[in-house]
Amino acid sequence: MQLIVNITVLAAIYALLACGYVLIYRVSRVMNMAHGELAMLGAYLLYSTASLFTAHPVTAIAAAVVMSLVVGVLVYVLLMRKMTGEMVLAAILTTIAIGILLRGLVVLIWSAAQQHPLQKLHFSNPSIELIAGARISTCAAVLVLMTILVYGALFAFLRFGSWGIRMRAAGQNPLLAAQRGVNLNAIYALAWGLSTLTGSIAGMLIALDSGLDQTMVVIGLKAFAPALVGGLDSLVGALVGAVIVAAAEVLAIHYIDPLLSDVVPFLVLIAMLIVRPWGLFGTREELDRV
Amino acid sequence: MSRQPRASGYFRTGYGADLALLGTRLERTSLIVFAIALVAFPFIASPFQLDLASQVFLAAIGALSLMLLTGYAGQISLGHAGLIAAGAFTVGILFQELKAPFWITLPAAAVVGALLGVIFGLPSLRLRGLYLAVSTLALHFVVVYIGGEYESRRGFSTGIVIDPPKIGSFTIGDGRSWYFILLAAAALTLLICLNLLRARTGRAWRAIRAHETVAEALGIGIAGYKLLAFVISSAITAVAGALFAYYRGFVSVEAFSLFLTIQYLAMVIIGGMGSLLGALLGAAFVTLFPYLIEGALLALPGAQGYAGILFAVNYSAFGFVMIAFLIFEPLGLVGIWQRVQNYFLLWPFRHRSAAGAPR
């Protein structure tokens, strides 16, 4: 039972992070290698607001969430907007450079030591007993619920919201969408904002659950595997991919070797790239054979 | 190698002249002066400067090989650190298990690199752009994991120590002999790259980079040349890793993080895509950059207080410079260099006049 709980929690983490990759890739065909760093930044923002509004934890969380949205929009407006139409490599490298810059800045501002935003917010994190002796910490439970909530909201937004429909249109055919009056810059900025927002929520909850330091970057990078396994332009795929990768990782840690945890997502990724490079639910249009 | 035309009346009249590495007397003289300067350098430099120069040469070998792959053949690789690690670990493992001398380990590293190049290159036959980048990134993690696994299984959890290489009774240990060895290795790599690029192989790579379908229509075997690019680049990179292992005398997985890959990519980008000179300039820039930052920071008042945050300042400054180059100077240092050259070539005019005039 405990294994299933572990898989669920890890899958929720991956799913919440992976939808950020999917949102940006789906709309602008850019792979955001700074996603882990942006998630980490969101968590550190929560740490700051928590020390600022000590009496009102809800205000602190709301402020941090809004700030992370703004950060995402700013990253697009200030930097990534200039990379439209450039080579794939240039765009990827820009996001990598943003990641390095953020890593340095985070250490400069908040120091490299491990932080505990949970205590700053005066929350406690008791573990809850589920059926059959399996335990889950409160924060992890909130994380799973949050993932369900975020995915529900995203599905509704992309399906029914007018901005969501514009977003899908921009992803399918940017030229046509622009000619029909869709403001591409606004759409791309929104995608970056939403992606950073969801990533930051994941980062905050991970930080609340298990403390906050630079290792979050690795989780962010590993979360790319579920996004690709599911198909880079499919939200359903990200969810399914997260479950697959999380299951593979937890089982490998439990039955083979704990050291494998950093490699398993990438092994799954390689296997997927060999068999079906466009992912389980992705569209295969841009991947023609040589 | 088609270079841009010059201001003087130097015209190439045959294929031989177009292929020549050193066309004019000025080029020959400046090369000789530069070579003399490089040879004389270790006799006037301090040990610290020697170490810096050796690091630049090591980085240059890796950057040149990445430039072949990414800058000329157009294949994106995020697995460069994995290949360097493979070379270094080949040396480490062969030395620890068999006490193999360097004239066995270096070729072995090249062979391992070439084999890994096939593995890294196979996805490129099917994947492009972003997907290729991701698959090489994944392979990087696999290689580093295997290296780490070897370390922990065999009980070298802190790293593998390697004795300095011996030729007969002479041990290569001091900075000056390392300087010359690495200089020779870098020069040899440069020569190999130049020769590859002015021959059939290089032309095929550039055609693939420009347009795959057109290249195939011209009769270029895409799959073969792509794999060849990966194999050659990986073999050179692995040798660079092997030299790195000998130079440091120590191999540990911590040295081969993703950041190393990013540094090499930064060398290629900051130097200037599609230019061997760019790879050299980028290697020098990226290697020396942290020391420049450190020097600048320590020159500020209250220097001791900054020592703890040096690492973070380095990271931020490095990211900042990389973003600046990507956005404002995509042609890199070579682009700046050519603009300066053109400024003097065209002076007192600001723009080129008509067709046929130098760019």
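## Burial and shape of chain B

In this predicted model, 42% of the 359 residues of chain B count as buried. Chain B contains 14 helices and four strands. Its radius of gyration is 22 Å, close to the 21 Å that the globule rule gives for 359 residues, so chain B is as compact as a globular protein of that length.

Along the principal axes, the C-alpha atoms of chain B fill a box of roughly 70 × 55 × 45 Å. Of the contacts in chain B between residues at least 6 apart in sequence, 76% join residues at least 24 apart.

## Burial and shape of chain A

Chain A has 290 residues, and buried residues make up 50% of them. The chain has 13 helices and two strands. A compact globule with 290 residues would have a radius of gyration near 19 Å, and the 19 Å of chain A agrees with this.

The box filled by the C-alpha atoms of chain A is roughly 55 × 45 × 35 Å, again taken along the principal axes. Among contacts in chain A with a separation of 6 or more, 74% are between residues 24 or more positions apart.

## Where the chains meet

The contact between the two chains takes 32 residues from chain A and 37 residues from chain B. On the chain B side, the elements that give two or more residues are helix H6 (129-153), helix H10 (222-248), helix H11 (258-271) and helix H13 (310-328). H6(B) gives the most to this side, with twelve residues.

By class, the residues on the side of chain B that touches chain A are 29 nonpolar, five polar and three charged.

## The largest nonpolar core

In soluble globular proteins, nonpolar side chains tend to be buried together. The largest nonpolar core here has 202 residues, and the members that touch the most others are Ile13(A), Tyr14(A), Ala18(A), Ala60(B) and Ala63(B). Helix H1 (residues 2-28) of chain A gives the most to this core, with 18 residues.

Leaving out residues up to four places away in sequence, Ile13(A) touches Leu143(A), Ala202(A), Ile206(A) and Ile219(A).

## A helix pair in chain B

Helix H5 (residues 102-121) of chain B packs with H10(B) at an angle of about 140°, and the two axes are 7 Å apart. The crossing in which H5(B) passes H10(B) is right-handed. The contact of H5(B) with H10(B) has 17 nonpolar, eight polar and one charged residues.

H10(B) is also one of the elements that give two or more residues to the side of chain B that touches chain A.

## Two residues with positive phi

Most residues other than glycine have a negative phi. Arg29(A) has a positive value, with phi near 60°. Arg29(A) is found in the loop between H1 and helix H2 (35-52) of chain A. It counts as partly exposed because it has 17 C-beta neighbours inside 10 Å, and a residue is buried at 20 or more and exposed at 12 or fewer.

Lys99(B) is not a glycine either, and its phi is positive, about 55°. The place of Lys99(B) is in the loop between helix H4 (80-98) and H5 of chain B. Lys99(B) has 9 C-beta neighbours inside 10 Å and therefore counts as exposed.

Key
Residues are numbered from 1 along each chain as its sequence is written. Chains are lettered from A and ligands numbered from 1 in the order in which they are written. This is a predicted model: local features need pLDDT of at least 70, side-chain atom pairs count only at pLDDT 80 or more; totals for chains, interfaces and linings use all residues. The radius of gyration is taken over C-alpha atoms; the globule rule is 2.2 Å times the number of residues to the power 0.38. Two residues are in contact if their C-beta atoms, placed from the backbone, lie within 7 Å. Ala, Val, Leu, Ile, Met, Phe, Trp, Tyr, Cys and Pro count as nonpolar, Asp, Glu, Lys and Arg as charged, and the others, Gly among them, as polar. A nonpolar core is a set of buried Ala, Val, Leu, Ile, Met, Phe, Trp, Tyr and Cys residues joined through C-beta atoms within 7 Å. Axes are lines fitted to C-alpha atoms, for helices over the stretch in contact, and angles run from 0 to 180 degrees between N-to-C directions. A crossing is left-handed if the near helix is turned anticlockwise from the far one by less than a right angle, and right-handed if clockwise.
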